[in-house]
Amino acid sequence: MNTMNPQASFNAEALTSGFARGPGVFIEPLSFWGGYDTETGTIVEQSHPAFGQSLAGVILLMARAKGSSSSSSVLAEAIRNKTGPAGIVLCERDLIIAIGVIVANELYASQVPLVLASSEDFEQLCKTGGVIQIDAPAGEETARVAIERSSAL
Amino acid sequence: MLQLSERDAAMLNGEAGSGVALAMRIVTRTANVMGADRLIDITSAHIDGCLYHGAASLDFVERFVQSETRVAVPTTLNVGSLDLIHPELYQGEQSTQRAAERLMKAHIELGCESSFTCAPYQLKHRPKLGDQIAWAESNAIVFANSVLGARTSRYGDFLDLAAAITGRAPYAGLHVTENRAAQILIRVADFGALPGRDVFFAALGFLLGKAAGASVGAIDGLPPDTTEDELKALGAAAASSGAVALFHGIGITPEAPTLDAACQGKPPARVIDVSLEELRAVRRHLNQAKPGDALVAVSLGTPHFSVTEFEQLAALFAAFSAPLACDFYVNTSRFVLWQLESSGIANTLASRGVQIVLDTCTYITPVMKKMSGLVMTNSGKWALYAPANIGVRVAYGSMNECVRSAFTGKVCFDEHDESTGQL
């Protein structure tokens, strides 16, 4: 459904399924609870390097999560409110992020793919920037992550 | 690959109703993320999901209410956004108040106990050494694992209730013996004889969280007479500055009679020495005030105050006859308040102007009269979270210093020069 000329693509472990395409946004670890405003869709932790950044509709590139276990609720609420990311790439398996995505899927039938990338692939994603596509078909353990040129959106 | 028991599969297939099936889908999907190969029975659950974070919080629990689902194991509730006993304290928006109140009551309809406390380990029945449980809320998790020796992973919203409804949890993480070995050893200088030592436990916890992240640490050098309240302060701070879910106090906590036991026979990967000067530096870092600065309030009881802490507080109050010079809040549970009512301490403190806050906590919801200015606390956790959450500045001192300061209306530290950190 998308014709694209990927600059690079690789496989990643799919923690949740879905198809997403959007601008890749790299951020330092964020606690969604206390750190993200689900009304405005912006990072509100004042000491966070990406303070003020919107995550709505983006492919979130975050090596690992941090902070409160209430972050599952805040992430699910952001997905419900369409102020959350369209897809998420992590390097470290994180229960709190995964549960937020799983429950949003159960309650609202949202399809936010959450994938685990190797640190080399993650670094390349962050360096290249531009538009990222995640294809994590239901029932499959492997997702395909592709980087497009930024002009392709 | 996750193997389900026959009963698990029946629950997943909807044989126990659509609510149980939803809960089991969440448990099994989480088990897959964790790489667990099976589920295990749990004997209790503690739910953090009754604090309101938006419509998703309520949508989730109402799915279970509508399908007449009930929890399968004894289940306690963490704090909500409101003090249901003193609703007049709430100063936020009415629509949020209504939703937050519904969220708390909906959990009771599912069969949870109306405990509304972040210190479920202070309730009458608590888990024992080796019990497999599913607890949420960072300080409750670290206390259950470390001080009680019960076993829970670091669960959070949604999974906590799903585990309570199915009575099952993924066999992974801290449920597994091998994952409970300490990887980091912290050797702390002897601070047991210092005045106001409660702040040093929280300071040590803060350093533990920074050093350990999510890994397990063992602490050598805790005072032999360390109390549960002091371990509570240590754990709460460690779970705020890091993702600590378990620590061992050598010679103090149940899985650590010796260093060897705490590390399960392997040498620790890292050894960190902590000096008194480093503990004092944490205290200075958490404190934003100078001696003599005017206070709008003192807030104690994060995590919720125990009966013993109330007894200590009442004894400290007895040394002062003048009225309080600023607002004074203490957060605790209904269960602790009942005990204080029978001993007379609740009345004594109320007559001195102390506002006891139940069911919630002063750093997560607008219940204090003045929400700006300088507030003093002895809680490392409160000091870390309150500035961003509710917009106050924080003075950080021992319980004794908090009481003295409240009667003068100004920050006082015991024989302590904050500018140099010298005692």
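Student: Which residues touch the most other members of the largest nonpolar core?

Tutor: In soluble globular proteins, nonpolar side chains tend to be buried together. A nonpolar core here is a set of buried Ala, Val, Leu, Ile, Met, Phe, Trp, Tyr and Cys residues joined through C-beta atoms within 7 Å. A residue is buried if 20 or more other C-beta atoms lie within 10 Å of its own, exposed if 12 or fewer, and partly exposed in between, with C-beta atoms placed from the backbone. The largest core holds 194 residues, and the members with the most contacts to others are Val89(A), Val115(A), Ala163(B), Leu204(B) and Val298(B). Helix α7 (residues 198–212) of chain B supplies its largest share, 10 residues.

Student: What conventions apply to the model?

Tutor: The model is predicted: local features need pLDDT of at least 70, side-chain atom pairs count only at pLDDT 80 or more, and totals for chains, interfaces and linings use all residues. Residues are numbered from 1 along each chain as its sequence is written, while chains are lettered from A and ligands numbered from 1 in the order in which they are written.

Student: With which residues is Ala163(B) in contact, leaving aside its neighbours within four places in sequence?

Tutor: Two residues are in contact if their C-beta atoms, placed from the backbone, lie within 7 Å. For Ala163(B), the partners are Val27(B), Ile42(B), Ala45(B), Ala134(B), Tyr155(B), Arg168(B) and Ala169(B).

Student: How many residues does each chain bring to the contact between them?

Tutor: Chain A contributes 22 residues and chain B 27 residues. On the side of chain A, α1 (71–80) and α2 (95–108) each give two or more residues, and α2(A) gives the most, with eight. Helices (H or I, at least four residues) and strands (E, at least two) are DSSP runs, numbered from the N terminus.

Student: At what angle do α2(A) and helix α2 of chain B pack?

Tutor: Two packed helices are described by the angle between their axes and the distance between the axes. Axes are lines fitted to C-alpha atoms, for helices over the stretch in contact, and angles run from 0 to 180 degrees between N-to-C directions. Here α2(A) and α2(B) (residues 18–34) pack at about 145 degrees, with their axes 10 Å apart. Among the residues that meet are Leu95(A) and Ile102(A) from α2(A), and Leu22(B) and Ile26(B) from α2(B).

Student: In what order do the strands of the chain A barrel run?

Tutor: Strands of a sheet pair through backbone hydrogen bonds, either parallel or antiparallel. Two strands pair if DSSP finds at least two bridges between them. In chain A, seven strands close into a barrel in the order β1-β7-β6-β5-β2-β8-β9, with mixed pairing. The antiparallel strands β2 (residues 18–26) and β8 (residues 131–136) of chain A are joined by six bridges, and Gly18(A) has Ala136(A) as its bridge partner in β8(A). Helix α2(A) lies across β1 (8–16), β6 (87–90) and β7 (114–116) of chain A, at about 75 degrees to β1(A).

Student: Is Thr142(A) buried or exposed?

Tutor: Thr142(A) is exposed because 12 other C-beta atoms lie within 10 Å. Thr142(A) belongs to strand β9 (residues 142–147) of chain A.

Student: Which strands are at the edges of the open sheet in chain B?

Tutor: That sheet has five strands in the order β12-β11-β10-β13-β14, paired in parallel. Its edge strands are β12 (354–358) and β14 (393–396) of chain B, each pairing on one side only. Val298(B) stands opposite Met376(B) in β13(B).
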